[in-house]
Amino acid sequence: MRDTFVRTLVQLAKEDKRIELVTGDLGFGVLKPFWEQCPDQFTNAGIAEQNMTSVAAGMALTGKNVFTYSIGNFPTLRCLEQVRNDCAYHKANVKVVCIGGGFVYGSLGMSHQATEDIAILRALPDVVVLAPADLVEAEECTKALAKYEGTAYLRLGRGGEKRIHDHIDNFQIGKAIKVHDGEKVAIFSTGAIFEEIRITEDVLKERDIIPAVYTFPTVKPIDKETILECATKFDLIATCEEHNYIGGFGSAVAEVLAELPQHARLLRVGLHDEYSVRVGNQHYLREQYGLDGESIAKQILANI
Amino acid sequence: MKHTSEELAWLIRRHGVEMTHLSGGSHLGAILSVADVVATLYTDVMHYDPKNPKWEGRDRFILSKGHAGASIYAALAESGFFPVEELKTHYQNGSRLSGHVSHHLPGVDFSTGSLGHGMSAAAGIAYALKKDGRKELSFVVVGDGECNEGSVWEAALFANHFRLNNLCVIVDHNHMQSLDFNENTLEIEDFASKWKAFGWNVIEINGNNHQEIKAAFKKFEEYSNTEPHKPTVIIANTVKGYGIPFMQNDILWHYRFPHDGWEYDCAVNELHKIKPSGVEDPYTPNGIENPVLPTGKDDIYNDHTFSYTWKTTYPEKMRRVDAKIGTTEKVHNV
């Protein structure tokens with residue numbers, strides 16, 4: 001996903017000289033194509049995320065379209081106030097890019113796991129929050145952000161994600177993508193955990209359940225229209241995110257549903273308000289915390 | 001009407017007293033310390049167009065110590081960005097003039113209020129200007145207490161590394177911060193050596209002396225045009241509360257506003273003692289006749305610092321710095 005992001009940004013940056021990529025001293029082996037092909041639009045700001053983010057705001061207010069880049073919580077929580085006051089409040093053209101949303105950096109430990117970022121960034125006014133599910137969405141999100149005027153957060157996986165969508169017609173910030181129709185159950189997924197949904201579907205199919213599946217590359221602004229449509233059409237809506245189940249994508253869906261007089265039952269699949277203390281790779285941690293395909297299926301079956 | 005820097009500095013002080021008096025606002029001490037630097041920037045240094053605040057060719061300015069916002073509001077109003085009358089709305093319901101600097105006001109490029117942001121933003125502006133080969137300059141005023149923030153030193157590294165010779169940082173070094181003198185809080189001297197060690201051009205001046213301020217900005221202009229490409233810091237040694245003797249070097253006036261009675265009357269009359277002849281006081285043209293005067297019971301000429309009353313039972317060898325009231329001299333007790 002990060003390679004797709006970089007490849008896409010290189011193409012965009014060649015066409016639009018206002019685009020700048022500023023990294024907090026990360027991206028070894030990843031950002032090389034960018035600095036080789038667009039050297040004048042690349043900056044390594046060092047291991048200093050607070051300064052990086054305010055510098056990006058200053059650059060943006062002087063006409064640049066700036067992407068800041070780091071991993072895990074470093075481009076967001078470490079410099080949250082800079083994102084809030086300097087970028088968002090000024091509607092500065094800064095796109096904060098995180099590599100490694102969720103358990104991507106599994107074995108590296110809790111410090112490197114971004115599991116509250118969506119909730120926190122979503123709470124900031126004038127910040128668009130995007131979490132693409134696969135390589136196709138990652139490319140579309142990057143293109144959309146290059147055009148978007150304002151502050152945004154792009155939460156990416158790392159590598160090894162698949163192309164799940166063949167292609168996406170008319171990608172728009174704020175619009176969910178219907179993968180396919182189904183009955184009784186609708187699965188809403190944001191971010192790279194989408195790869196688990198395939199397995200979930202296989203398990204459900206054995207019980208003759210064909211769920212509808214949607215991805216939400218945009219968590220904010222949330223696609224109310226799709227939620228409203230599904231609220232009455234299905235018995236159960238299951239939201240899936242590699243993130244705390246408080247405040248994130250599931251909460252965004254819950255906020256819309258709760259205001260309706262009648263709606264489908266909601267199941268929020270996510271990390272149950274804890275830090276990951278176990279050691280292991282991304283897949284292992286998903287299993288441990290109930291976020292793998294089979295666990296998601298079990299939770300759905302327990303709720304219908 | 002075009003003011004001299006001395007006239008504008010006086011007006012900033014007079015507006016500062018009136019605005020905090022009317023609103024119950026804070027930070028008058030900082031407004032008074034920084035007034036001369038801010039005034040000189042607007043009268044003698046920066047290029048700007050009050051009729052076209054977003055003019056591309058303007059020099060950029062950030063007041064990173066956003067709590068001294070009233071100084072900028074006064075400077076902008078007196079420089080034609082908006083009516084002077086609007087200053088009276090400071091802090092009021094529905095006003096555009098928040099206590100900390102807001103960009104929802106013509107002439108303000110960047111909102112501040114949380115310390116340690118402005119210098120990085122100014123560096124970003126300078127960097128973008130430099131990348132595009134533009135000749136506008138980026139100015140930012142930071143506080144000395146603000147230099148406790150780690151992000152200030154991140155920005156110091158960045159600005160030097162990217163050779164931002166179009167960036168000028170002015171430190172309003174009034175030697176006091178929220179509870180005490182800087183040296184009794186987190187020791188920052190030798191301050192100039194720290195900046196030098198970070199690779200900066202360092203100019204140290206009396207920041208309440210207009211000749212020295214102007215000479216410092218001239219020097220910056222030279223530095224910005226010559227090799228090596230280094231950013232410049234002007235360490236403006238100022239006095240907190242400068243211009244009103246009973247407020248000088250007293251941390252009380254970081255918070256307190258001049259109340260009705262002797263505080264307001266004496267503040268106004270003290271300013272009238274130093275009023276340049278070419279300027280008019282828009283509020284009390286002739287000062288205050290028959291002012292209320294302080295009595296022996298009033299808590300005056302006490303610096304109200306934390307270290308005066310903080311007595312630990314464990315041995316500690318922190319260096320204490322006391323103010324010598326009414327002067328810039330400090331007493332160092334090791």
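The buried residues of helix 11 of chain A pack against strand 8 (185-189), helix 7 (194-206), strand 11 (236-244) and strand 12 (265-271) of chain A. Within helix 11 (residues 293-302) of chain A, the buried positions are Gly293(A), Ile296(A), Ala297(A) and Ile300(A), a residue being buried if 20 or more other C-beta atoms, placed from the backbone, lie within 10 Å of its own. Viewed down the axis of helix 11 of chain A, these buried residues fall within an arc of 100°, so they line one face of the helix; the arc is that of the directions from the helix axis to the C-beta atoms. Helices (H or I, at least four residues) and strands (E, at least two) are DSSP runs, numbered from the N terminus.

The model is predicted: local features need pLDDT of at least 70, side-chain atom pairs count only at pLDDT 80 or more, and totals for chains, interfaces and linings use all residues. Residues are numbered from 1 along each chain as its sequence is written, while chains are lettered from A and ligands numbered from 1 in the order in which they are written.

Elsewhere in chain A, the axes of helix 1 (residues 2-15) and helix 6 (residues 135-147) of chain A come within 9 Å and cross at roughly 35°, where axes are lines fitted to C-alpha atoms, for helices over the stretch in contact, and angles run from 0 to 180 degrees between N-to-C directions. From helix 1 of chain A, Thr4(A), Phe5(A), Thr8(A), Leu9(A) and Leu12(A) meet Leu135(A), Ala138(A), Glu139(A), Thr142(A), Lys143(A) and Ala146(A) of helix 6 of chain A, contact requiring C-beta atoms, placed from the backbone, to lie within 7 Å. The contact of helix 1 with helix 6 of chain A has 6 nonpolar, 3 polar and 2 charged residues (Ala, Val, Leu, Ile, Met, Phe, Trp, Tyr, Cys and Pro count as nonpolar, Asp, Glu, Lys and Arg as charged, and the others, Gly among them, as polar).

In chain B, the axes of helix 2 (residues 28-45) and helix 7 (residues 210-225) of chain B come within 10 Å and cross at roughly 55°. The contact involves residues including Val37(B) and Thr40(B) of helix 2 of chain B and Ile213(B) and Phe217(B) of helix 7 of chain B, and its residues divide into 4 nonpolar, 2 polar and 3 charged.

Between the chains, the contact takes 21 residues from chain A and 19 residues from chain B. On the side of chain A that touches chain B, helix 3 (49-60) and helix 4 (80-88) of chain A each supply at least two residues, and helix 3 of chain A gives the most, with 8 residues.

Key: Two residues are in contact if their C-beta atoms, placed from the backbone, lie within 7 Å. A residue is buried if 20 or more other C-beta atoms lie within 10 Å of its own, exposed if 12 or fewer, and partly exposed in between; C-beta atoms are placed from the backbone.
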